[in-house]
Amino acid sequence: MIPLPKKICLSCRNFSLQNSDGGVCKVVKGLASYPLKATGDTCDQWKDCGQQYFIRTGWIKAQLAEEKGIKVITGTGIIN
Ligand code: SF4
C-alpha cells in the first residue's frame, strides 16, 4: 500500500511547484507575487491535492535525474 503523503506544501492543493526545492503558495488568490515555500513547509490551511502529489514527486525525481544527466523512464515515457 502506498503511504499517504504528509501534510506539507508538496501535497497541498494551494501549492504551485516551481523547481525541485519548492514553489509558491496560492492560498491567497490574486497576489502580484505569491510567497515562496519549500516543499516540506506546512501550515494549518493545508488541503489535500490528491494524485497531484504523486505527479509532483515524479517530476522532482525526473528533474534531479536530469541535472545529473541520467535517463529516467516514467509512466508517460522517457525523460531526457
Ligand atoms: S503554506 Fe499552507 S496553504 Fe500554502 S501551500 Fe503550504 S500547506 Fe498549503
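Here are some questions and answers about the predicted model shown above.

Q: What confidence does the protein chain have on average, as a mean pLDDT?
A: Residues are numbered from 1 along each chain as its sequence is written. This is a predicted model, where local features need pLDDT of at least 70, side-chain atom pairs count only at pLDDT 80 or more, and totals for chains, interfaces and linings use all residues. pLDDT is the predictor's confidence in each residue, from 0 to 100. In the protein chain, 84% of the residues reach 70 or more, and the mean pLDDT is 89.

Q: In which strand is confidence lowest?
A: Confidence is highest in strand 3 (residues 36-38), at a mean of 98. At the other end, with a mean of 55, comes strand 5 (residues 77-79).

Q: How many residues lie between strand 1 and strand 2 in their hairpin?
A: Two strands pair if DSSP finds at least two bridges between them. Strand 1 (15-17) and strand 2 (residues 22-25) pair in the antiparallel sense over three bridges. Between these two strands of the hairpin, the number of residues is four.

Q: Which residue of strand 3 stands opposite glycine 23?
A: Strand 2 also pairs with strand 3, in the antiparallel sense over three bridges. In strand 3, the residue opposite glycine 23 is lysine 37.

Q: Is serine 16 buried or partly exposed?
A: Serine 16 lies in strand 1 and stands opposite valine 24 in strand 2. A residue is buried if 20 or more other C-beta atoms lie within 10 Å of its own, exposed if 12 or fewer, and partly exposed in between, with C-beta atoms placed from the backbone. Because serine 16 has 14 C-beta neighbours inside 10 Å, this residue counts as partly exposed.

Q: Why does cysteine 9 count as buried?
A: Cysteine 9 is found in the segment before strand 1. The cut-off for a buried residue is 20 or more other C-beta atoms within 10 Å. Cysteine 9 is buried because the number of other C-beta atoms within 10 Å is 23.

Q: How far apart in space are cysteine 9 and threonine 42, C-alpha to C-alpha?
A: Two residues are in contact if their C-beta atoms, placed from the backbone, lie within 7 Å. Not counting residues up to four places away in sequence, cysteine 9 touches several residues, including Phe15, Cys25 and Thr42. Cysteine 9 and threonine 42 are 33 residues apart in sequence, while their C-alpha to C-alpha distance is 5.5 Å.

Q: Which residues make up the largest nonpolar core?
A: A nonpolar core is a set of buried Ala, Val, Leu, Ile, Met, Phe, Trp, Tyr and Cys residues joined through C-beta atoms within 7 Å. The largest one has five residues in all: Cys9, Leu10, Cys12, Phe15 and Leu17.

Q: How many nonpolar residues are in the shell around the ligand?
A: A residue is near a molecule if its C-beta atom, placed from the backbone, lies within 6 Å of it. Among the residues surrounding the ligand are Cys9, Cys12, Cys25 and Cys43. Ala, Val, Leu, Ile, Met, Phe, Trp, Tyr, Cys and Pro count as nonpolar, Asp, Glu, Lys and Arg as charged, and the others, Gly among them, as polar. The shell has two charged residues and three polar ones, and the number of nonpolar residues is seven.
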